[in-house]
Amino acid sequence: MAVVDSDAVRARAAAASAAERVAERTDLDEDRRDEICARLEGVAADLWRALRQVYGGTHDIGELFDRLVELAVAAAAVRPARLRRLDRRREIDQAWFLRERMIGYVCYADRFAGRLGEVADHLDYLGELGVTYLHLMPLLSAREGENDGGYAVADYREVDPRLGRLADLTALSQDLHARGMSLCVDVVLNHTAREHAWARAAMAGDETYRRFYHVFADRRLPDAYSTTLWEVFPDTAPGSFSCVEEMGGWVWTTFHDYQWDLNWANPDVLAAMSETILFLANAGVDVFRLDAVPFLWKRIGTDCQNQPEAHALLQALRAVLRVAAPAVVFKAEAIVAPDQLVPYLGAHQTYVPECDLAYHNQLMVMLWSSLASRDVRLMTQSLRRMTPPPQQTSWVTYVRCHDDIGWAVSDADAHAVGLDPRAHRRFLVDFFAGRHPGSFARGALFQENPVTGDARTCGAAAALTGIELAMRQGDAAGLQAGIRRLLLLYSVTYSFGGIPLVYSGDELGLGNDTSYLADPGLAEDNRWMHRPFMDWERAGRRHLEGSVEGRIFAGLVQMGQARRDLPALRGGGVSEALWTDDPHVFAYHRKHPASGDFLALANFSDDPQSCHTSVLAAAGVPEPQTALSSDGPVSIAGDRVLLEPWGFVWLTPRPG
Ligand code: GLC
């Protein structure tokens, strides 16, 4: 007897009746109606299941399904022709964002170019670096004054007037597409600014909008929730609830008091955010960086992160988006433990389409940990334990980003390699703040928590790798080491699998920027020390042989070129960290179904190192050829592979 999946049956029926309505639309020609219906059929089951999971007990799923489909069809109907061509291409080439040609660059439009409209003047520069994906940091209209770097959005449908206008965004997307580049933009799903029209309406007493937020008349529930919540900014914004007089009570504010968490248990929020995403997709966005997604769903007695409903909501949003704009993908910003991270890529009991990309936070943290300790065992251990992402998805890999580094060292992994997790975390904090004897780093502490003793780290990559200190001291050997360290880290992110992101300024070795201290809206938040203004004068030195800028820039250009010729590096394969007999040498193997093997070795120490050649055979490259390295062709002496201090090598099998 066949098992009847009632969700699937209902979804089919709902899709069929939605298709009938699409068929009646006279504003769309037959081909358009046909393609919309085909997509609808493709996502209906996922959308239905997700809605039932979140709202099954509280709302009419059929009605909600219809409402969301209506929004998607309306957006599909007005989608500009140039973006529809992109939809068609990417429905044919669904792995477009997994290609080895993908290289990202992350910057603030104003700090990089002045205004949004001026970013296009620098596309040659990005092209030179091999960039094919540009992530512009928050650019939607943010509240005045403190706004958490633009993550307190007052209007999702306008570009921040300090940066430009929506027309500038559309024009930039056109310029990027003409060059084969894509545009990534942040959408903050978890909260709005208290100045957003929804929040203002709520404060004015509008019940509909009051239900957009979590509001509590007294401290009873906030206190109950707080016993298991984790504070994001314990230092500058303690607690997760703020007393708001106009609301007559307490509002949930996970981050700052001016960032109000949205209540996703209300389906109106899902509908409103779906509209927002569809609108921005039609303005030309290719990749949405979905900010702070683990926090979307609240459940008493938990840390209110990574709840099953948060995943289902992302699945629903994706399904809706796919009907109107299949060219567009989701990138999850989920800075959570490795076991909690991979599900954002759809890795549940079975694969369920969710986000297409996610930040590989664990790799980033482990790179810095290994750099400080000169020991790769913790990195190897923790990466080996991770489930690989589903084949349709991939990582974005990165060395630095606009946020602090939170020392996500799991107790189990630390113990497995004989480390005391607490002591190691403290060591990392001290090391990167330059407090540890002999430390080359010049970062700073972020959000030190006097209760737990925990702290995180701020600082530009050039400051954390020793470049800044060496430049200040005129120390040529230190500078050489610092540059090699920075390139070593990037060599891993460029070849680990996924889209590598270059964080603006790293390509030139720009150090910490203290100018934020003079701005009262920024001074409280020292993450601004690593959000530099582009130094175009230093950028001008990138072709100057022997200059710091030239050495780093050329190093990254070479990595990009080598990457483009290595199909093993495209997303969708499997990356596996391998044990070697040298605790300083990090080894990882890539295998992609459509290509051969790939092995990288990276020496995380100040001294020459070697590891046994058995790693070559284990990675399928017993007779290796060098695809790229810091120091010429791979050097093998007897049964040892030799590596220079802070050196790396990328190997593929010699064609036989
Ligand atoms: C994300 C952003 C971070 C911001 C937070 C709240 O984690 O990366 O900069 O403070 O969300 O929006």
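**Close-up views of a predicted model**

**View 1. Helix H22 and its buried residues.** Start with the residues of H22 that are buried: Val548, Glu549, Gly550, Ile552, Phe553, Gly555, Leu556, Val557, Met559, Gly560, Ala562 and Arg563. That makes twelve of the 17 residues in H22, so the helix is largely enclosed by the rest of the structure. Keep in mind, here and in the other views, that this is a predicted model. H22 covers residues 548–564, and at 1.5 Å a residue it should span 24 Å. The C-alpha atoms at its ends are 25 Å apart, which agrees.

**View 2. The surroundings of the ligand.** Here you can find the residues around the ligand: Asp148, Tyr151, His191, Phe233, Phe255, Gln259, Arg289, Asp291, Glu333, His402, Asp403 and Arg527. Sorted by class, this shell has six charged residues, three polar ones and three nonpolar ones.

**View 3. Polar side chains at the ligand's oxygen atoms.** Now pick out three members of that shell, Arg289, His402 and Arg527. Arg289 has a polar side-chain atom 2.9 Å from an oxygen atom of the ligand. For His402, a polar side-chain atom sits 2.8 Å from a ligand oxygen. Arg527 also places a polar side-chain atom by an oxygen atom of the ligand, at 3.2 Å. How much of the ligand's accessible area does the protein cover? On its own the ligand has 310 Å² of accessible area, and the protein covers 95% of that.

**View 4. Tyr225 and Phe241, a tilted ring pair.** The structure holds 34 aromatic pairs. One of them joins Tyr225 and Phe241, whose ring centres are 6.5 Å apart with 35° between the planes, a tilted arrangement. Tyr225 belongs to helix H10 (residues 220–226) and Phe241 to strand E8 (residues 241–244), so the pair ties together parts that are 16 residues apart in sequence. Both Tyr225 and Phe241 are buried.

**View 5. Tyr359 and Tyr398, an edge-to-face pair.** The ring planes of Tyr359 and Tyr398 meet at 85° and the centres are 5.3 Å apart; planes over 60 degrees apart count as edge-to-face, so that is what this pair is. It links distant parts of the chain, with Tyr359 in strand E13 (residues 357–359) and Tyr398 in strand E14 (residues 394–398), 39 residues apart. Both Tyr359 and Tyr398 are buried.

**View 6. A cluster of aromatic rings.** Look for Trp368, Trp407, Phe427, Phe431, Phe432 and Phe440, which ring pairs link into a cluster.

**View 7. Two loop residues with positive phi.** Most residues other than glycine have a negative phi. Asn306 is not a glycine, yet its phi is positive, about 55°. You'll find Asn306 in the loop between strand E11 (287–291) and helix H12 (308–324). Is Asn306 buried or exposed? With 13% relative accessibility, Asn306 counts as buried. Trp646 has a positive phi too, about 50°, and is not a glycine either. The loop that holds Trp646 runs between strand E24 (640–643) and strand E25 (648–653). Trp646 has 3% relative accessibility and counts as buried.

**View 8. Ala577 and Ser370.** Ala577 sits in strand E18 (residues 574–578). It is buried, with a relative accessible area of 3%. How far is Ala577 from Ser370, going by their C-alpha atoms? Those atoms are 14 Å apart, while along the chain the two residues are separated by 207 residues.

Methods:
Residues are numbered from 1 along each chain as its sequence is written. This is a predicted model: local features need pLDDT of at least 70, side-chain atom pairs count only at pLDDT 80 or more; totals for chains, interfaces and linings use all residues. Side-chain values use heavy atoms; hydrogens and water are left out. A residue is near a molecule or strand if one of its heavy atoms lies within 4 Å of it. A polar contact is a pair of N or O atoms within 3.5 Å; within protein, one must be able to donate a hydrogen and the other to accept it, and residues adjacent in sequence count only if both atoms are side-chain atoms. Accessible areas come from the Shrake-Rupley method with a 1.4 Å probe; for residues, only the protein chains shown count as cover. Ala, Val, Leu, Ile, Met, Phe, Trp, Tyr, Cys and Pro count as nonpolar, Asp, Glu, Lys and Arg as charged, and the others, Gly among them, as polar. Helices (H or I, at least four residues) and strands (E, at least two) are DSSP runs, numbered from the N terminus. The expected span of a helix is 1.5 Å times one less than its number of residues. Buried means under 20% relative accessible area, exposed over 50%, partly exposed in between (1.4 Å probe, protein chains only). Rings of Phe, Tyr and Trp (its six-membered ring) pair if their centres lie within 6.5 Å; planes under 30 degrees apart count as stacked, over 60 as edge-to-face and the rest as tilted.
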